[in-house]
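Biologist: I would like to learn how to read a protein model. Can we go through one together?

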Amino acid sequence: MALTELNALVLQGGGALGAYQAGAYCELRAAGFSFDWVAGISIGAINAALICGNSEENRIPALNAFWDRITATLPQVSLFGSLAGRKAFSELAADWVMMAGAPGFFRPRLPGAFWPFGAHQVLSFYDTSPLVETLTELVDFDLLNDKGPRLSVGATDVETGNFVYFDSRTMRIDVRHIMASGALPPGFPPVEIDGRCYWDGGLVSNTPLQYIMEHPEGDQPLCILQIDLFNARGSIPADVLEVQQREKDIRYSSRTRLTTDRYRELHALQAAAERLAAKLPTKLKDDEDLALLRAAGPACPVTLVHLIHRKEGFEGTGKDYEFSRQSMSDHWAAGRKDVSRTLTHPTWKSRVVGADGLQVFDLSAHGK
């Protein structure tokens, strides 16, 4: 009998680059994927809520509605004449968003955010109340909590600096938890939940991969599709602008491959402990130290698929807040293309479902 996998979708933070995740999800659905668990940070948490808070047939329309709304100010432009022109448009678009905000998402606090002597001080440059309205309209939180896939979103406790996960398995998720996961300072204000204030989870870790790996549900094989928006690998910068972009890539990539390598080592340690246990006399098989080693890795076979947004030639230093319709469409298309390339790759098509240990696939555009 064929093994059934539990499918988990892991969505990294990355602002405007999150359109790549939306496109990737559309292609995954077209390929027949259905997800039991979705975890996200920041824009990944927003995309995750749109997925989990809608019925199967309404998930893609909800993603479309969100991304169309927040990119409505800067329409799609098809004629640039050259890559230099396209890059110039992208930089101007990012500057426009920084000054004017993004509809249905955030708007500038003017002039209060830039005047430190007022009677009522603010804690951010932008007001995110438009996002509350957008999420309330597009996400059915009752459906999310009662019928949707499991949802886990990460945030940072402002006072302790500790990483916190809000998980629909253990609590009821509402709009505050999604807002908290994406409250990146000093742009966005902290979000208060039950007397605690939270900022963006990306301040501690921009990917929820570790949480998924450490909290599998039983011993059912787990297939994790991780959609990252920043690539840790890259070339040496050629100028100061490229230095800024490369620094951002490294900082927000959260060292995805480092986490993957760690769990590969834990799987190997667990397998070695199992082999050792088979060689020991019966009286030592229940040794506490051996039990600790045998529990080092997840209790189930894991398949991990990396889908990583690679730098586009037109992107500038503000790529994570460049909410133009043109760039959104380009990132959306890139997500679809990378998923298609991965799922049609011979290596993926020949994999063994439920194989013991950790199987890792990175088969998109420049995967190695």
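**Reading the model**

Modeller: D194 sits in the loop between β7 and β8. Helices (H or I, at least four residues) and strands (E, at least two) are DSSP runs, numbered from the N terminus. This is a predicted model: local features need pLDDT of at least 70, side-chain atom pairs count only at pLDDT 80 or more, and totals for chains, interfaces and linings use all residues. Residues are numbered from 1 along each chain as its sequence is written, and side-chain values use heavy atoms, with hydrogens and water left out.

Biologist: What is the phi of D194?

Modeller: Start with the general idea. Most residues other than glycine have a negative phi, and most peptide bonds are trans. D194 is not a glycine, yet its phi is positive, about 50°. S42 is not a glycine either, and its phi is about 60°. S42 lies in the loop between β2 and α2 (43–52).

Biologist: Is D194 buried or exposed? And is S42 buried or exposed?

Modeller: Learn the cut-offs. Buried means under 20% relative accessible area, exposed over 50%, partly exposed in between (1.4 Å probe, protein chains only). D194 has a relative accessible area of 70%, so it is exposed. S42 has 13% relative accessibility, so it counts as buried.

Biologist: Where is there a cis peptide bond?

Modeller: Between P185 and P186, with omega about -5°. P186 is in the loop between α7 (175–181) and β7 (191–193).

Biologist: Why is strand β5 largely enclosed by the rest of the structure?

Modeller: Count its buried residues. Strand β5 covers residues 150–157, and eight of the eight are buried, so the rest of the structure largely encloses it. Check both faces. R150, S152, G154 and T156 are buried on one side, and L151, V153, A155 and D157 are buried on the other.

Biologist: Which strands do bridges join to β5?

Modeller: Two strands pair if DSSP finds at least two bridges between them. Strand β2 (residues 37–41) runs parallel to β5, with five bridges. There, A39 stands opposite S152. Strand β6 (residues 163–167) runs antiparallel to β5, also with five bridges. Strand β8 (residues 196–200) is antiparallel to β5 too, joined by three bridges. Look at T156. It stands opposite F163 in β6, and its bridge partner in β8 is W199.

Biologist: How many residues lie between the strands in the hairpin of β5 and β6?

Modeller: Five, and in this hairpin G161 takes a positive phi near 75°.

Biologist: How much space lies in the largest pocket?

Modeller: First, the idea. On a 1 Å grid over the protein atoms alone, a pocket is an open set of points where a 1.4 Å probe fits, with protein on both sides within 12 Å along at least five of seven lines; lining residues have an atom within 4 Å of a point. Grid points are joined across faces, edges and corners, and a volume is the space filled by probe spheres set on the points. The largest pocket holds about 750 Å³. It has 32 lining residues, and L184, G187, F188, D320 and Y321 are the closest to its centre.

Biologist: Which helix gives the largest share of that lining?

Modeller: α9, with three residues. α2, α4 (83–100) and α9 (240–253) each supply at least two.
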